[in-house]
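My notes follow, in the order in which I looked things up.

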There are 2 protein chains.
Amino acid sequence: MKPDKTPAAKKQPRRKSAAARASRAGPGARGGGRKARSAGRREAILAAALEEFSARGFEATRLDDVAKRAGVAKGTIYLYFRDKESLFQELIRAMLTPLVGTIEAMGAADLPVAALAERIVDLFVREIFETRRADVIRLMISEGRRFPKLAEFYYREVLSRIIAAMRAILRRAAARGEVPQALVDFPQLIAAPGLVAIVWGGLFERYEPLDVRKMMRAHIDLLFAPRRAA
Amino acid sequence: MKPDKTPAAKKQPRRKSAAARASRAGPGARGGGRKARSAGRREAILAAALEEFSARGFEATRLDDVAKRAGVAKGTIYLYFRDKESLFQELIRAMLTPLVGTIEAMGAADLPVAALAERIVDLFVREIFETRRADVIRLMISEGRRFPKLAEFYYREVLSRIIAAMRAILRRAAARGEVPQALVDFPQLIAAPGLVAIVWGGLFERYEPLDVRKMMRAHIDLLFAPRRAA
DNA sequence: TATAAATGACTGACCAGTCAGTCAGTCAGT
DNA sequence: ACTGACTGACTGACTGGTCAGTCATTTATA
């Protein structure tokens with residue numbers, strides 16, 4: 001043992017250098033008050049978590065990687081989220097909850113279904129399929145089974161409300177004879193191609209690209225084409 | 001070194017007792033020749049793997065648990081499968097490959113689509129939805145993204161062939177005016193509710209049960225109902 | 001200066017994959 | 001028919017590596 005310069009040098013290989021660290025932190029680290037910076041950190045962590053979770057799945061994601069991507073030390077994650085699962089749940093909650101309002105609002109304007117269907121397809125493609133929300137839904141589908149709490153939350157706060165909104169619209173339309181009763185019983189049939197699009201996009205896009213807009217259009221044409229029998 | 005009874009007794013706290021082990025091994029362990037027993041073991045491991053993988057997902061599954069469930073030591077798994085991933089791929093391959101033939105055979109009998117649709121719904125419910133194959137498809141959906149090899153295999157050997165078979169059927173039906181052209185372009189639209197059924201079954205069944213047969217029936221009624229415009 | 005925020009080395013648990021050792025079954029030689 | 005050497009299927013303790021979560025220490029802010 002050589003005492004050398006430092007008296008008790010048992011574990012001091014710390015601190016790279018203040019300068020190096022200061023220049024590394026991402027946006028939100030510099031901003032105004034504590035509040036603002038804190039919120040920025042939280043966002044950065046969520047964004048990084050989205051990348052990592054959707055690339056690797058829940059189990060295979062390392063919080064070290066999330067931290068690195070967020071420009072933050074691992075410990076910092078634990079200042080904002082209780083644990084890994086909590087971070088995961090919060091991510092899904094934050095991404096999907098806003099959808100509900102948008103869709104419920106759609107039912108308010110009492111349009112003919114054809115026009116409504118148009119809008120819904122557009123909404124789906126622009127706000128879900130072409131955004132990170134598609135990844136989050138893929139995560140929900142992939143991991144939901146092992147997080148019953150999360151599945152329940154998602155069913156209660158998102159799915160059931162979307163289904164209820166769709167039923168309300170469809171019931172009115174059915175009363176006008178615009179759609180068959182079957183759709184009121186199974187609104188899932190309307191959304192089904194959306195699910196196909198999301199799953200296909202994740203798995204087979206590279207082998208056989210799918211023109212989602214065209215498929216959705218074909219689907220609503222099929223459903224709402226005028227029929228001979230009532 | 002003492003020759004003694006055992007030559008090298010460096011670490012020998014092994015072997016519970018021959019009797020204990022003999023009475024533990026499951027079916028297939030006793031049977032006829034080496035071949036038969038070997039095949040039995042393989043089956044037992046695959047069955048156990050199905051249980052564990054579909055309950056926990058790929059990453060979270062421990063091979064110790066698979067071994068225990070199969071009534072086998074962990075090392076034995078490595079006599080039959082190269083590694084964990086290999087076991088996983090083999091499981092999916094073994095469960096889904098047989099489907100192709102069945103579905104391709106369906107196209108052979110040149111029935112009217114309505115009758116065919118009937119049969120296909122029945123096939124789906126009985127041979128997929130109500131069996132372990134549904135779990136395997138859920139696994140494929142959940143994990144496929146992180147196993148591109150597996151996704152490609154599945155696309156090439158299963159999906160693309162099923163789609164091709166469906167297209168052949170639909171093209172004939174479209175020529176007879178039984179279905180709209182759109183379905184030939186997007187056979188996915190026919191299968192979409194099947195995907196919904198599988199995903200729903202895994203995530204939300206307990207919160208809102210879904211009558212799959214009824215939904216599928218409603219779906220084919222919608223698609224094949226007689227239309228005013230050609 | 002006092003307080004809060006952030007850091008990252010460290011710990012304990014966990015687990016895929018390995019391999020030295022064991023044993024049931026086989027069969028050539030008697 | 002019996003024996004004992006041989007084979008290879010099977011076992012499970014062990015290793016090496018990984019990673020979630022902690023906390024003593026350092027840095028930034030009020």
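I began with polar contacts across the interface of chain B and chain A, and the rule finds 11 residue pairs, both at pLDDT 80 or more. A polar contact is a pair of N or O atoms within 3.5 Å; within protein, one must be able to donate a hydrogen and the other to accept it, and residues adjacent in sequence count only if both atoms are side-chain atoms. I noted which parts of chain B take part: α2 (34–56), α7 (133–143), α8 (148–175), α9 (181–185), α10 (188–203) and α11 (212–224) each supply at least two residues of the side that touches chain A. Helices here (H or I, at least four residues) and strands (E, at least two) are DSSP runs, numbered from the N terminus. α10(B) gives the most to that side, with 10 residues. By class, the side of chain B that touches chain A has 31 nonpolar, seven polar and 14 charged residues. Ala, Val, Leu, Ile, Met, Phe, Trp, Tyr, Cys and Pro count as nonpolar, Asp, Glu, Lys and Arg as charged, and the others, Gly among them, as polar.

A word on the ground rules. The model is predicted: local features need pLDDT of at least 70, side-chain atom pairs count only at pLDDT 80 or more, and totals for chains, interfaces and linings use all residues. Residues are numbered from 1 along each chain as its sequence is written, chains are lettered from A and ligands numbered from 1 in the order in which they are written, and side-chain values use heavy atoms, with hydrogens and water left out.

Next I looked up the extent of the interface. 52 residues of chain B are in contact (heavy atoms within 4.5 Å) with 52 residues of chain A. The area buried between the two chains is about 4,700 Å², and carbon and sulfur atoms give 71% of it. That area is the accessible area (1.4 Å probe) that two parts lose on being put together, summed over both.

How many salt bridges cross the interface of chain B and chain A? The rule finds two. It asks for a side-chain nitrogen of Lys or Arg within 4 Å of a carboxyl oxygen of Asp or Glu. In one salt bridge, the side chains of A:Arg145 and B:Asp135 meet at 3.8 Å, N to O.

I then superposed the copies by least squares on the C-alpha atoms of residues with pLDDT of at least 70 in both. A rotation of 180 degrees with 0.0 Å of shift along its axis puts chain B on chain A (RMSD 0.0 Å). The two copies are therefore related as by a two-fold rotation axis. The same surface serves both: 100% of the contact residues of chain B recur in chain A.

I turned to burial. Buried means under 20% relative accessible area, exposed over 50%, partly exposed in between (1.4 Å probe, protein chains only). In α7(B), 11 of the 11 residues are buried, so this helix is largely enclosed by the rest of the structure. B:Asp135 is among them.

Last, I checked A:Ser54, in helix α2 (residues 34–56) of chain A. At 13% relative accessibility, A:Ser54 counts as buried. Its side chain reaches the backbone oxygen of A:Leu50 at 2.8 Å. Leaving aside neighbours within four places in sequence, A:Ser54 is in contact with A:Ala49, A:Asp135, A:Leu139 and B:Arg145.
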